[in-house]
Amino acid sequence: MEKISRKLFLKRAVAGLAAIAVAPNLISCDSSQEQEELRKLAPTVGSYDVVVIGGGPAGFIAAITAARQGAKVALIERYGFLGGMATIGYVAPISVFAKNNELVIGGVPWEFVQRLESMGGAFIEWPKANVDFDIELYKLCCQRMVLEAGVELYMHSAMVGCQMDGKSIHSVIIENKNGLETIVGKTFIDCTGDGDLAYMAQVPMQSNPDGELQPSSFCFILSGVDTDSELLNKCMYHNGINGPSQCRPVREKLLAMKAAGVEMPDFGGPWFNNVMHRGSVAVNMTRRAADSTDNRNFTATECQLREDIFTFTKLLNENFKEFKNCYVASTAPQAGIRESRRILGVHTVTADEYVSAFQYEDSISRGIHPIDIHASKGTSQVRIDLEKPAYVPYRALIAPDYPNLLVAGRCISTDRQALASLRVMASCMGTGQAAGAAAAQCVANNQTVHQIDTKTLVETVRGLGAII
């Protein structure tokens with residue numbers, strides 16, 4: 001038998017040289033010899049009812065929910081901590097849980113918020129219930145709730161491939177310090193944000209006719225900021241009471257400087273966000289077009305954005321007294337992503353349905369964040385406020401012909417306009433809760449994601465506290 005090195009296996013798997021595949025990382029072993037080679041190179045280390053890929057806001061909520069419903073659950077995360085864009089991207093606050101003091105998204109997501117608050121790691125901004133948070137306590141709270149639910153964690157693990165039986169996913173292959181490992185599952189939930197598992201499984205994706213994506217922003221922590229000043233007190237809380245979320249005085253002065261010939265990159269906002277520590281704010285203002293699914297493009301963009309962070313810090317330091325002593329205390333582990341892949345699901349949520357708050361028979365979650373579209377170039381932004389909380393159907397979490405795959409979070413089936421609201425973290429948590437409940441129901445009843453009784457699913461998530 002040919003001896004295949006780990007390096008050669010990866011080369012073959014990704015290039016498709018040892019696999020009959022169109023998409024990269026779809027691994028098909030057509031002979032007993034190939035199957036034996038795969039077993040040796042990527043031994044099976046666990047078999048689960050539900051396998052969740054990605055530990056962000058959708059993923060850790062999905063894992064907790066499925067485990068609490070009695071499923072044996074694995075959660076795979078490529079970083080060494082959970083939280084997704086909150087902790088990996090420093091995106092704050094968690095938006096939006098309520099309208100006019102009435103919760104729109106409840107259940108496990110809101111339980112997480114309350115628990116984080118009890119730890120001293122969250123401040124809830126009513127009437128919208130935006131949630132300011134301490135990044136490190138957010139990580140700890142996620143970890144505690146996931147482990148308490150009995151979820152098995154595979155941290156520092158990158159998913160590099162999947163094995164299929166027709167359109168059914170048999171297993172995923174991960175890479176970590178142990179080498180290549182295989183995780184077998186009955187039902188899989190893609191919570192990667194970029195739809196990585198769905199893409200590997202060749203699920204059809206939504207198309208963007210103009211090819212445009214919302215820009216990425218590289219968020220960072222500034223310390224040495226006068227957070228007691230009138231300016232920061234008005235703009236670092238996003239409850240809608242003190243005016244717009246973006247810091248208008250800083251924005252207008254920067255725009256005037258730009259018009260006068262001062263060189264500076266494109267920017268959004270800026271938004272200064274409370275991180276629960278006096279003298280420090282999370283800053284969201286950098287902006288560059290990026291494709292997070294293209295390694296070279298995203299790498300180059302992040303390098304540019306990192307330069308932009310220090311350019312803007314210098315501008316703030318030199319032109320605003322509230323920032324005269326500021327310095328970059330920390331940059332996020334990666335740039336934030338607003339838009340990438342979205343599956344072509346059984347149903348695609350449209351902007352018309354979303355804005356009109358159309359209620360589906362299989363509604364499993366809701367959303368109230370404005371439709372918020374950032375220009376990929378320049379400083380403009382389109383914002384449409386919702387009069388009523390919108391709904392999300394279960395059918396947007398599943399794709400035709402894929403019997404054991406669910407998605408949750410940013411990669412669900414929506415058009416670009418609806419995505420511009422549903423991409424935010426509270427909404428992702430809501431779809432994660434539904435996906436976790438659906439996956440557990442599939443396993444319990446030995447049914448596919450298309451066969452389960454959606455009325456039962458709706459009652460289950462309502463029983464968990466979802467407000468639908």
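T456 is found in helix α13, which spans residues 454–464. The model described here is predicted. The side chain of T456 makes a polar contact of 2.9 Å with the side chain of D453. Q441 sits 15 residues from T456 along the chain, and the C-alpha atoms of the two are separated by 8.9 Å.

Now to T301. This residue lies in helix α9, residues 295–319. T301 is buried, because its relative accessible area of 4% falls under the 20% cut-off. A polar atom of the T301 side chain lies 2.8 Å from the backbone oxygen of N297. Leaving aside neighbours within four places in sequence, T301 is in contact with R288, A289 and A290.

| Residue | Helix | Relative accessible area |
|---|---|---|
| T301 | α9 (residues 295–319) | 4% |

Next comes a pair of helices. Two packed helices are described by the angle between their axes and the distance between the axes. Helix α4 (residues 108–118) packs against helix α5 (residues 135–148) at an angle of about 125°, and the axes are 10 Å apart. That angle makes α4 oblique to α5. The crossing of α4 past α5 is right-handed.

Which residues meet in this contact? From α4 come E111, F112, R115 and L116. From α5 come L137, Y138, C141, C142, R144, M145 and E148. The residues of the contact divide into seven nonpolar, four charged and no polar.

Definitions and conventions:
Residues are numbered from 1 along each chain as its sequence is written. This is a predicted model: local features need pLDDT of at least 70, side-chain atom pairs count only at pLDDT 80 or more; totals for chains, interfaces and linings use all residues. Side-chain values use heavy atoms; hydrogens and water are left out. Axes are lines fitted to C-alpha atoms, for helices over the stretch in contact, and angles run from 0 to 180 degrees between N-to-C directions. Helices (H or I, at least four residues) and strands (E, at least two) are DSSP runs, numbered from the N terminus. Angles under 35 degrees count as roughly parallel, over 145 as roughly antiparallel, 65 to 115 as roughly perpendicular and the rest as oblique. A crossing is left-handed if the near helix is turned anticlockwise from the far one by less than a right angle, and right-handed if clockwise. Contact means heavy atoms within 4.5 Å. Ala, Val, Leu, Ile, Met, Phe, Trp, Tyr, Cys and Pro count as nonpolar, Asp, Glu, Lys and Arg as charged, and the others, Gly among them, as polar. Buried means under 20% relative accessible area, exposed over 50%, partly exposed in between (1.4 Å probe, protein chains only). A polar contact is a pair of N or O atoms within 3.5 Å; within protein, one must be able to donate a hydrogen and the other to accept it, and residues adjacent in sequence count only if both atoms are side-chain atoms.
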